[in-house]
Amino acid sequence: MPKMPEAKPKRTIKEIVQEAKRQQKLPALIENLRKEVDEKRISKEEMREMYRDISDEKKEELNSVLKLIGETPTAEKVVILHMQKEGPVKKSNKFRTRLYKARTLGKPLSMERMIEQFEKVPPKETEFLSVIIDTGYINSIVIKSQQFKGKEALDEPEVISAFSRLYELFKERTNGKFEIVITQAVYDELNDQMNEKDDKGAYKFTSKALSELNDLIYKKKVIRLETGYGLNEETKKELSRLMRKKSNDNNACVGDGDTSILTYVRDSYVYGEYGDKIRFTIMTPDTDFKSLVGKCKNIDLVSPQQTV
Amino acid sequence: MEEPKLEAAITENVRLSLNGDKEACKKLNLLVRLPFSSIEKLYGTTEEDYYALNTLASLRLKMFNDKSALAFLTSAKNPLREIFASIVGLLKL
């Protein structure tokens, strides 16, 4: 069986095929290629990651190509065409990938231990600021826009303007050394609340707000979606136990969004490149965070009523 | 700098795959998920493009028994049908 030539990129397809043909080994060449191609499978998760990192303009362009060749445009097909032309899509955030991979390598630091350390050890000079958004913070922006402007508010890009202002503020304050993050669990919680109303009858989250949030994540790149931080039952149980201990409430239970935020905090602290020189700002109206990490010296809790 | 055309990029990926490039194999793994009838429409008409297209048709035929790939390989309009006849012949057996 002929072996595919190695490291000879200058050989043309014609040369390779004709040589195999002369040796009556063309079927073996194709079979060998099939095996090589079959081994290089790309998972659905990788495809999703790649799709997220393709710009909207590129997506539109590739959608038109797909329509031209009679294919219904889908995320998978867009990635297929994109990969042919652009090569491997670089993951937009090496920090995220490294954190997520590192977390899977060994037993992580327990939440209790992390909180103890944060409460005792005074923070070092901050080199990087990580701003993490909680579900309730976005809810408050959406609700506030309805209270102040009534129905017209639905036409205003409230989420965009709120975060654009925050982005500019942190950029100036940290000299660009910051990130604004939303975890997958918080993103999912928001989606689950679509058109749900609060006790005063205001919408907690709307499709308009979702489209603005997506715009901030995928188009304006103001907020980074941390896809590795979704549901984590084990950490949720651990945090709920800790919360019961701290608040003396036997029914205390920490939500999925809160769990994902504190898991991200821990991973950034333990595995991130800034180590103990990272400071966290959690944008939340949630009192659970106050019970859990309110005394931590390197975590600031900012409610929607406060100015940062 | 002008972006490379899609057909040229695909031909290059086939060439690199045949030269043992693992990254190019990954790209082909994706490309062969599209039906051959669609891949065919993306194609240029240089001789090297035709070799690439016949290679892809052979792959689709082997991997998915794609009928439009078979039709292309055996078509009178395919200038390389005799070269690739052994692929079709083998599968017919």
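Which residues are buried in α11(A)? The model is a predicted one.

## Helix α11 of chain A

In α11(A), the buried residues are A:A209, A:E212, A:L213 and A:L216. A residue is counted as buried when 20 or more other C-beta atoms lie within 10 Å of its own. Viewed down the axis of α11(A), the buried residues fall within an arc of 100°, so they line one face of the helix. The exposed residues A:S207 and A:K219 are carried on the face turned away from the buried side of α11(A).

Helix α11 of chain A covers residues 207-219, which is 13 residues. From its first C-alpha to its last, the helix reaches 17 Å, close to the 18 Å expected at 1.5 Å a residue. After α11(A) comes A:K221, which has a positive phi, near 55°.

## Contact between chains A and B

Chain A contributes 34 residues to the contact, and chain B contributes 40 residues. On the side of chain A that touches chain B, α1 (13-22), α2 (26-39) and α5 (75-86) each supply at least two residues. Of the elements on this side, α2(A) gives the most, with 7 residues. Sorted by class, the side of chain A that touches chain B holds 19 nonpolar, 3 polar and 12 charged residues.

## Chain B

Chain B contains 6 helices and 0 strands, and from the N terminus on its elements run α-α-α-α-α-α. Of the 93 residues in chain B, 44% are buried. Among contacts in chain B between residues at least 6 apart in sequence, those joining residues at least 24 apart make up 52%.

Technical notes. Residues numbered from 1 in each chain as written. Chains lettered and ligands numbered in written order. Predicted model: local features only at pLDDT ≥ 70, side-chain atom pairs only at ≥ 80, totals over all residues. Contact = placed C-beta atoms within 7 Å. Helix = DSSP H or I, 4+ residues; strand = E, 2+ residues; numbered from the N terminus. Nonpolar A, V, L, I, M, F, W, Y, C, P; charged D, E, K, R; others polar. Expected span 1.5 Å × (residues − 1). Buried ≥ 20, exposed ≤ 12 C-beta atoms within 10 Å, placed from the backbone. Arc of directions from axis to C-beta.
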